[in-house]
Amino acid sequence: MTERRYQEQAFDDVMSTVEFRVAERPHIVVDTEICRSCTTKACVHACPADLFVPTSEGGILFNYEQCFECGTCYQICNGENAISWSYPDGGYGVVFKKG
């Protein structure tokens with residue numbers, strides 16, 4: 001039996017098959033005041049899209065426009081309701097296309 005190996009794709013190649021339909025209403029809201037007291041900033045390290053960036057003041061900058069909608073940030077956040085997450089409005093959000 002021959003072992004099949006799948007060729008890894010470059011990140012840019014994978015991202016070229018993704019479309020983001022950005023809604024006016026963000027589906028993720030981050031309370032940066034709660035984030036200031038967070039000692040781990042786990043969302044920064046866990047988000048596969050790298051959408052969380054720590055600021056020099058101890059807060060977090062967040063961009064929802066290229067979110068994969070995986071919910072990792074919401075699950076890993078150790079703050080008290082620092083991240084509110086819901087699905088985007090109908091017709092909006094990430095669209096994975098086979099390319």
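Contact is defined here as heavy atoms within 4.5 Å. The model is predicted: local features need pLDDT of at least 70, side-chain atom pairs count only at pLDDT 80 or more, and totals for chains, interfaces and linings use all residues. Residues are numbered from 1 along each chain as its sequence is written, and side-chain values use heavy atoms, with hydrogens and water left out.

The protein contains 4 helices and 6 strands. Helices (H or I, at least four residues) and strands (E, at least two) are DSSP runs, numbered from the N terminus. Along the sequence their order is α-β-β-α-α-β-β-α-β-β.

The radius of gyration, taken over C-alpha atoms, is 16 Å for the protein. A compact globule of 99 residues would have a value near 13 Å, by the rule of 2.2 Å times the number of residues to the power 0.38. The C-alpha trace spans about 55 × 30 × 25 Å along its principal axes. Among contacts with a separation of 6 or more, 66% join residues 24 or more positions apart.

Of the 99 residues, 29% are buried. Buried means under 20% relative accessible area, exposed means over 50%, and partly exposed lies in between (1.4 Å probe, protein chains only). The protein exposes about 7,400 Å². Carbon and sulfur atoms supply 49% of this area. Accessible areas come from the Shrake-Rupley method with a 1.4 Å probe; for residues, only the protein chains shown count as cover.

Charged side chains comprise 8 positive and 14 negative ones. Lys and Arg count as positive and Asp and Glu as negative, while His and the chain ends are not counted. The centres of the two sets lie 8 Å apart, with each charge placed at NZ of Lys, CZ of Arg, CG of Asp or CD of Glu.

Helix α1 (residues 11-15) includes M15. M15 has a relative accessible area of 22%, so this residue is partly exposed. Beyond its neighbours within four places in sequence, M15 is in contact with F20 and F68. G71 is 56 residues from M15 along the chain, and their C-alpha atoms are separated by 19 Å.

Two residues other than glycine have positive phi values. Phi is near 65° in E69, which lies in the loop between β4 (60-62) and α4 (72-76). E69 counts as buried because its relative accessibility is 19%. Phi is near 60° in N81, which is placed in the loop between α4 and β5 (83-85). N81 has 67% relative accessibility and therefore counts as exposed.
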